[in-house]
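Work through the exercises below with the sequence and the model at hand. Each task is followed by a solution in steps.

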Amino acid sequence: MPAKRKHAKHLPVRMRMNHGAYYHVCKEVWTPLGRELGPALLRWAELEGQHLQGAKTVGDAMALYVSDALPQLAAT
């Protein structure tokens, strides 16, 4: 379990702030999002939501999960 944040607790997961700019951090790759929070959050949402392209509702997202991820999980 990763350590809890000490700074910038208002940011979502995989979003970091460094030297006044926001970044999306995934697998040690820092993608710049910009210096303003609003546009950075929009860009972060685009990056995080790429796997849910066709989902417009929670039901659609769950259907995508069941069809894509569920078969890869163990039966237990």
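**Exercise 1. Locate His 19 and state whether it is buried or exposed.**

Step 1. His 19 sits in the loop that links β1 (15-18) to β2 (21-26). Strands here are DSSP runs of E with at least two residues, helices are runs of H or I with at least four, and both are numbered from the N terminus. Residues are counted from 1 along each chain as its sequence is written. The model is predicted, so local features need pLDDT of at least 70 and side-chain atom pairs pLDDT 80 or more, while totals for chains, interfaces and linings use all residues, and side-chain values rest on heavy atoms, without hydrogens and water.

Step 2. The phi angle of His 19 is near 55°, a positive value in a residue other than glycine.

Step 3. His 19 is exposed, because its relative accessibility is 72%. The classes are buried under 20% relative accessible area, exposed over 50% and partly exposed in between, with a 1.4 Å probe and protein chains only.

**Exercise 2. Find how many aromatic pairs the structure holds, and classify what you find.**

Step 1. Searching the whole structure gives one aromatic pair. Rings of Phe, Tyr and Trp (its six-membered ring) pair if their centres lie within 6.5 Å; planes under 30 degrees apart are stacked, over 60 edge-to-face, and the rest tilted.

Step 2. The ring centres of Tyr 23 and Trp 30 are 5.5 Å apart and the planes meet at 65°, so this pair is edge-to-face.

Step 3. Tyr 23 is partly exposed at 21% relative accessibility, and Trp 30 is partly exposed at 41%.

**Exercise 3. Describe the fold order and the overall spread of the chain.**

Step 1. The chain has two helices and three strands, in the order β-β-β-α-α along the sequence.

Step 2. The radius of gyration is 15 Å, well over the 11 Å given by the globule rule for 76 residues, so the chain is more spread out than a compact globule. The radius is taken over C-alpha atoms, and the rule is 2.2 Å times the number of residues to the power 0.38.

Step 3. Along the principal axes, the C-alpha atoms fill a box of roughly 45 × 30 × 20 Å.

Step 4. Of the 76 residues, 16% are buried.
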